[in-house]
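Visitor: I'd like to learn how to read the inside of a protein model. Can you walk me through it?

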Amino acid sequence: MAIHEDNKMSKSKLERGICELYQDDPQKADRLVFGRVSHTNRRGFLKGAGLATMGALVGGTIPHADKMPSGLIPAALADDLSDFVIKGKDGLSVLNDRPVNAETPAHLLDDDVTPNSRHFVRNNGIVPEMATNMDATGWTLTVDGEVDTPLTLTLDDLKNRFDTVSLKLQVECGGNGRAAFNPPAKGNQWTVGAIGNAEWTGVRYRDVLAAAGVRDSAVYTAHYSADGHLSGDPGKLPISRGVPIGKALEEHSLIAFAMNGEPIPAMHGFPVRTICPGWPGSTSQKWLKRIQLRDVVHDGPKMTGKAYRVPKYNVAPGTKVPEEDFRIIESMPVKSLITSMESGGRIDSGRMSVSGHAWAGDRAVSAMHVSIDFGASWIQADLQAPPNPYSWQRWSAALEFPGKGYYEIWARATDDALTMQPFAINWNPKGYLNNSMHRIAVTVG
Ligand SMILES: Nc1nc2c(c(=O)[nH]1)N[C@H]1C(S)=C(S)[C@@H](COP(=O)(O)O)O[C@H]1N2
Ligand SMILES: [Mo]
């Protein structure tokens with residue numbers, strides 16, 4: 001069966017699945033799926049027969065059930081995405097095959113440096129032929145607009161005229177986590193795996209801009225690329241985004257030509273892309289051909305309207321927000337993943353160590369906590385310093401479970417401005433910036 005058909009099947013299964021039920025009405029879903037919910041308890045914890053049914057479904061008694069909020073889908077049941085294989089990728093979940101979009105299950109993101117085979121893919125259009133053939137003959141990068149001297153650089157010029165740097169950098173799609181939105185938001189239904197932390201090699205964005213001479217009038221960059229529009233219309237661009245000039249001049253923003261020591265793979269932007277780490281992945285423009293400095297905020301495709309934008313103020317789920325009240329997303333928020341084990345695992349003894357990564361956009365992560373009792377109490381995890389700014393950071397914790405049964409591990413990172421990951425989703429119309437805590441299921445005994 002073609003990927004496309006498989007994908008449709010998994011989607012319809014997902015749509016009619018437990019997630020949808022819980023999105024409609026969590027308390028009712030508890031009743032439907034698990035039977036009775038206690039109403040004598042003000043917080044509505046699942047009790048008696050309902051709790052026994054849930055225990056049977058998750059494969060064990062739930063020692064901390066008295067702390068488990070009603071209307072919470074057990075993490076053991078919430079993972080309902082099937083895996084499909086695409087060439088050069090290892091165990092990624094394919095959301096779409098045209099354009100190709102695939103995310104990485106959290107437990108396959110355990111490496112400190114994400115291998116090419118496990119880096120998520122987000123394409124808005126068609127991969128250019130030059131990339132498919134891995135042939136940069138004739139490719140050039142033009143730098144123009146609000147500069148003193150427009151430049152046209154070959155790949156050799158880029159490699160020879162500027163210092164080369166290698167950095168481990170987080171790239172996360174602005175829509176990562178969208179699948180959990182209620183009401184749902186249109187777009188790729190990413191769960192948690194549209195994040196990667198590869199080692200990128202290239203030149204500093206600012207060195208290239210300095211060679212062209214940045215005029216005082218420059219306020220924003222505009223990135224233009226070689227990928228084709230899905231309509232096949234050569235006059236249309238799938239995406240052309242940019243960043244404020246300050247982000248381009250930041251020393252960790254790169255014009256990269258290698259990913260983990262190899263030429264950038266076709267689907268990740270061969271031969272050259274920008275990496276604007278810590279910002280929505282869409283600012284890391286693949287198959288780059290031209291950087292234009294502009295004296296206004298760039299208005300290319302996916303810069304305007306509601307694309308990669310959120311309301312300037314918090315809104316209740318489902319609110320219609322006028323376009324003029326949206327702002328462009330800049331830094332991504334603090335977030336973390338549990339990567340040392342797959343959700344739904346079983347362990348024999350009550351002791352285990354757990355680890356993963358945490359990151360915080362432009363900021364650093366300052367603390368990491370883990371809970372095994374549905375957030376009632378927290379254990380401080382060990383947190384490593386990043387190898388360089390804008391890399392994710394490894395955290396680890398030793399856990400001791402008080403007895404046999406079903407548990408959830410919840411992970412919560414705090415950034416250096418003391419902003420913490422929330423439990424709830426900060427809803428917005430287009431499904432961006434969901435940094436709610438990662439939860440996995442584990443059964444002891
Ligand atoms: N030219 C071009 N660049 C692009 C895109 C694209 O479709 N075309 N997608 C963007 C988006 S939305 C994301 S999240 C990242 C994903 O990078 P990756 O596929 O290497 O993970 O690339 C960005 N750069
Ligand atoms: Mo994205």
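Visitor: Which residues is Ile255 in contact with, leaving aside its neighbours within four places in sequence?

Guide: Keep in mind that this is a predicted model. Ile255 is in contact with Leu141, Leu158, Gly202, Val203, Tyr205, Val208, Val272, Arg273, Thr274, Leu288 and Ile291.

Visitor: How should I read a list like that?

Guide: Start with the general idea: in soluble globular proteins, nonpolar side chains tend to be buried together. Here, the largest nonpolar core has 33 residues, and Leu158 and Ile255 are the ones that touch the most other members.

Visitor: Which helices and strands each supply at least two residues of this core?

Guide: On the helix side, they are H6 (129-132), H7 (155-161), H8 (205-212) and H9 (245-248). The strands are E4 (141-145), E5 (151-153), E9 (254-259) and E12 (288-294). H8 gives the most, with four residues. Apart from this core lies another, of 24 residues, including Met341, Ala360, Ile372 and Ala381.

Visitor: Now a loop residue. Is Ser436 buried or exposed?

Guide: The cut-off for buried is under 20% relative accessible area. Ser436 has 16%, so Ser436 counts as buried. You'll find Ser436 in the loop between strand E22 (405-415) and strand E23 (438-444).

Visitor: What does Ser436 touch, not counting residues up to four places away in sequence?

Guide: Gln421, Pro422, Phe423, Ala424 and Ile425. Take Ile425: its C-alpha is 5.7 Å from that of Ser436, with the two residues eleven apart in sequence. There's also a polar contact of 2.8 Å between the side chains of Ser436 and Asn434.

Methods: Residues are numbered from 1 along each chain as its sequence is written. Chains are lettered from A and ligands numbered from 1 in the order in which they are written. This is a predicted model: local features need pLDDT of at least 70, side-chain atom pairs count only at pLDDT 80 or more; totals for chains, interfaces and linings use all residues. Side-chain values use heavy atoms; hydrogens and water are left out. A nonpolar core is a set of buried Ala, Val, Leu, Ile, Met, Phe, Trp, Tyr and Cys residues joined through side-chain atoms within 4.5 Å. Buried means under 20% relative accessible area, exposed over 50%, partly exposed in between (1.4 Å probe, protein chains only). Contact means heavy atoms within 4.5 Å. A polar contact is a pair of N or O atoms within 3.5 Å; within protein, one must be able to donate a hydrogen and the other to accept it, and residues adjacent in sequence count only if both atoms are side-chain atoms.
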